[in-house]
Amino acid sequence: MQFDELMKKLGYEKENLEVIKKLSHLLPTTDRPNFILSYMSEDRDSLDKYAEKIDDVINRIDCDVNELKGHEDLLVYYICKKLRMKYNDLKQKKYEIAREIVDSVPLLIYLHDLFKGLRLGAGKKEKESVLGQLLKDIFNEYDRISSIAEESPELIGYNEEEKEKYPVAIVSPIFGEIKVIYPSGDTKDLDNYISNKLNVTSSPKELIDKEKWDVIAKSLLLKPQRTWFSGNDIAIIAHLRGAFYAYLLSNGATLIKLENPFFNPTSLKDLLGSSSILRIFSYHLNMKILKKMKVSLLFLPIVDEKETSIHELKEIFNSPFIELLTPFTVYTTIDSMMLLIPYSIKGEFEEIVEEAFNETLSEIFKEYGIDKKDENKEHIEIHYDIIKSGLLAGSDEREKAKLFNEFLLAESPITKSAYVVHYSTYLPLSDDVCDKCKVRMAIEEDELEKLEKIVKFRNEVLGRKERLCHVCTAVRLSSVFFREYAASLDEVGRDLIFIAVKIEPYVPEGKVDFNKIVDEKLEMKINELKQKIELIRREMKDEVILRLEKEKDAINKILSKKDVKKEELIKAIEEEYKGGRISEFLGQFKTENKSDYLITFCALAFEKIKDIGILNNIFKELKIEEKDEHQLAKLIDNIKKIKEKSPSTGNLPYNLTVQDSIDRRLSQLIEFFLLMEELKEKLPEAVVLVPPSSFNSFVIFVMNIENFRKNTENIINVLNTLSKKPHLHYYKPIIRVFIIRSLSDVPVKNIIELISSLDEKVSKQNAVVYLPVYLGRGVMEVGEPTILDKLEFPNPEELEEFLNAVVKLSEENKLLNDRFLEDIRKYPQEKLSIARLLK
């Protein structure tokens with residue numbers, strides 16, 4: 001097979017270096033550099049030899065997926081399913097299929113662990129399918145670079161079989177605490193834990209067949225990439241991006257900070273709208289980048305070969321799935337996004353942004369039945385910074401991993417740029433300037449009024465409705481994608497409390513003692529188990545005795561004794577299990593409870609797990625679920641297995657360096673998202689202004705002062721749950737919580753700027769800090785901001801005193817009273833700052 005013939009069969013009329021680089025992934029890793037060099041040096045003999053190897057692989061590609069044992073099998077099943085939908089007869093279309101795979105290389109690397117959230121492990125099989133092995137060969141190099149980059153240095157010399165002897169755990173990437181723990185090798189329980197969290201009863205195959213992408217995406221947030229320490233704090237979706245970025249940088253990539261061109265908020269509706277429209281813009285931006293790279297979209301979930309409109313994605317727009325479709329967007333802030341793009345298309349970046357901007361406006365107006373472009377053109381200035389460009393040119397994977405981590409650490413921009421983007425208009429323009437941006441021409445009032453009848457999106461200004469341009473109108477209208485929040489904004493009120501929560505991801509230097517963290521988690525589990533059994537003992541002891549006496553036959557069967565009395569039963573059980581696991585466990589209870597009849601009964605049920613069925617009558621009458629007894633029994637077993645480390649496990653290091661890496665920082669953003677989702681559920685009186693998002697560093701809620709006053713204590717308790725004891729040694733807070741009281745006529749942009757200015761002053765060595773601020777009519781109180789480790793609500797007896805102190809220490813008195821500093825020290829700042837918000 002000659003090289004030219006192969007390229008013709010694959011349908012490449014004219015190849016270039018980018019095509020050759022992707023095509024090289026059909027060769028073993030060791031052959032790839034030489035194949036690329038042969039092309040660059042025009043060595044036809046070598047190219048023909050490599051063409052033979054590639055052709056051999058193409059002819060052996062199959063879609064025989066007999067068993068779906070692990071996530072890699074599920075990926076092969078999904079790829080084959082997509083190929084069959086397009087090509088039907090795969091044997092007759094082998095070169096078309098090979099071309100599809102080659103053109104999909106970047107996406108195949110990105111999606112390599114797409115189904116790991118559903119089922120952990122590669123699955124043991126006698127022989128790997130040709131397609132399965134090919135997919136591994138495609139992504140393995142970048143998977144390893146990303147994995148080494150996030151690994152603790154103390155563990156890099158250990159193979160995976162050794163590291164799998166650690167307990168199976170999920171660890172918080174922000175606080176370092178253990179969330180879930182099982183004995184080593186117990187990945188099935190971890191799979192079940194994730195399924196229960198997602199309320200999933202379908203098999204992974206059924207979820208793929210039914211295209212439950214919202215569930216699949218959520219599983220990638222909840223499950224860790226690895227089960228052992230220094231990997232069990234990395235979310236799978238963060239690792240997907242890490243491997244993808246390793247691929248981009250292996251070919252040269254550029255890091256760019258792009259300002260949100262739609263961000264200019266004056267009202268609450270603008271803030272919600274700018275968050276919504278940024279998601280739409282990010283989606284189109286990513287699709288345009290993939291098209292410029294000539295990447296096939298066949299394997300991208302839902303999108304397939306066309307660029308699906310946001311309208312079709314609306315049902316899952318406010319779910320983690322949308323971020324699965326935006327891999328080039330590293331993360332977003334409230335007013336910008338960080339992008340990593342191939343260096344090869346850097347020169348086309350401005351064009352890509354212009355196309356995505358126009359596509360975004362088109363999507364919004366099309367949602368309201370307006371899809372015919374007007375003859376007028378408008379323009380907007382776009383700002384972006386080139387942070388750096390780079391190439392992973394290390395001699396081995398470890399060197400590349402080191403360069404990978406160094407590249408993605410933030411630096412000052414190399415260049416700052418601004419340029420004008422021209423965009424189409426969809427409605428006739430008036431002769432008036434937009435009230436909001438005060439730059440572009442407003443849409444004619446009649447047209448705005450027609451839209452107003454569909455959705456109320458304008459505010460009053462000077463006794464009339466606002467005149468808005470196309471961009472400002474699109475921002476307001478885009479909040480339809482967050483309909484559940486937008487509907488509440490007109491009813492929030494005038495006197496407001498803003499709760500803004502911000503994360504600045506970073507990993508502090510230093511080691512963490514995971515042995516200590518495991519012991520702390522096990523102690524919590526033991527206490528939890530004690531409480532469960534003590535509760536049953538107190539509430540059901542007499543009834544258990546009564547039922548047990550009625551079930552002598554069952555008890556006799558278990559103990560193989562005849563006519564056992566209650567006292568003899570207790571004695572027999574104690575004798576049988578003396579020194580055993582139950583005796584050891586009961587030894588952790590208070591002495592007077594060791595021989596308690598009910599605990600002994602529970603112990604009997606736990607120990608005789610195989611015979612538990614004959615006690616079902618007792619369980620049924622007592623309304624004790626059999627599965628609960630099994631779970632408690634397993635919990636005791638798990639605690640014992642985790643505490644009693646085997647010699648091989650005991651030799652593994654537990655005092656580990658938590659390596660700073662892009663995967664870990666992205667995982668911190670994901671945990672922040674999950675925390676903010678919980679916060680949203682616990683604050684029903686709050687309206688969401690900047691919704692939680694998987695890779696967004698900013699969330700804002702708002703409520704009126706009356707709701708805050710009614711629920712202050714509960715709100716404070718909810719916010720305080722964010723402040724956990726960190727096992728990492730932060731030198732500055734990673735999470736900052738701002739509680740700001742302000743009037744609604746204060747421009748929202750002023751509040752955002754205030755948060756930014758306060759943020760620069762935060763230097764406490766806490767993981768989480770709180771900054772209560774009274775802004776009033778737009779002027780902050782005199783003095784330095786109050787920075788707290790926790791919030792504290794004054795008790796009813798103190799509250800009046802603190803409210804009076806607020807008056808005494810008002811802004812005016814601060815300026816006039818020389819004794820201000822002396823007076824203010826009398827009052828605890830935690831309580832005084834809350835009283836200031838309440839006054």
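Which residues does threonine 425 touch, not counting residues up to four places away in sequence? I began my entries with this, and I found Lys373, Asp374, Asn376, Glu378 and His470, where contact means heavy atoms within 4.5 Å.

**Ground rules.** I am working from a predicted model, in which local features need pLDDT of at least 70 and side-chain atom pairs count only at pLDDT 80 or more, while totals for chains, interfaces and linings use all residues. Residues are numbered from 1 along each chain as its sequence is written, and side-chain values use heavy atoms, with hydrogens and water left out.

**Threonine 425.** I placed threonine 425 in the loop between β7 (415–424) and β8 (429–433), taking strands (E, at least two residues) and helices (H or I, at least four) as DSSP runs numbered from the N terminus. Threonine 425 counts as buried because its relative accessibility is 0%, and buried means under 20% relative accessible area with a 1.4 Å probe, protein chains only. I also noted that a polar atom of its side chain lies 2.8 Å from the backbone oxygen of asparagine 376.

**Helices α5 and α8.** I then looked up α5 (residues 71–87) and α8 (residues 130–150), whose axes come within 10 Å and cross at roughly 105°; the axes are lines fitted to C-alpha atoms over the stretch in contact, and angles run from 0 to 180 degrees between N-to-C directions. That makes α5 roughly perpendicular to α8, a term that covers 65 to 115 degrees. On the α5 side I listed Glu72, Leu75, Val76, Ile79 and Cys80, which meet Leu131, Gly132, Leu135, Lys136 and Phe139 of α8. By class, I recorded 7 nonpolar, 1 polar and 2 charged residues in this contact, with Gly counted as polar.

**Leucine 298.** I found leucine 298 in the loop between α14 (268–292) and α15 (321–324), and it is buried, with a relative accessible area of 4%. Its C-alpha atom is separated by 9.1 Å from that of isoleucine 79, although the two residues are 219 residues apart along the chain.

**Helix α12.** I checked how covered α12 (residues 213–222) is, and 8 of its 10 residues are buried, among them Trp213, Ile216 and Leu220.

**Whole protein.** I noted 36 helices and 18 strands, and of the 839 residues, 57% count as buried. Among contacts between residues at least 6 apart in sequence, 77% join residues at least 24 apart. The accessible surface comes to about 37,200 Å², of which 46% belongs to carbon and sulfur atoms, by the Shrake-Rupley method with a 1.4 Å probe.

Methods: Parallel < 35°, antiparallel > 145°, perpendicular 65-115°, else oblique. Buried < 20%, exposed > 50% of the residue type's maximum accessible area, 1.4 Å probe, protein only. Polar contact = N/O pair within 3.5 Å; in protein donor to acceptor, adjacent residues only side chain to side chain.
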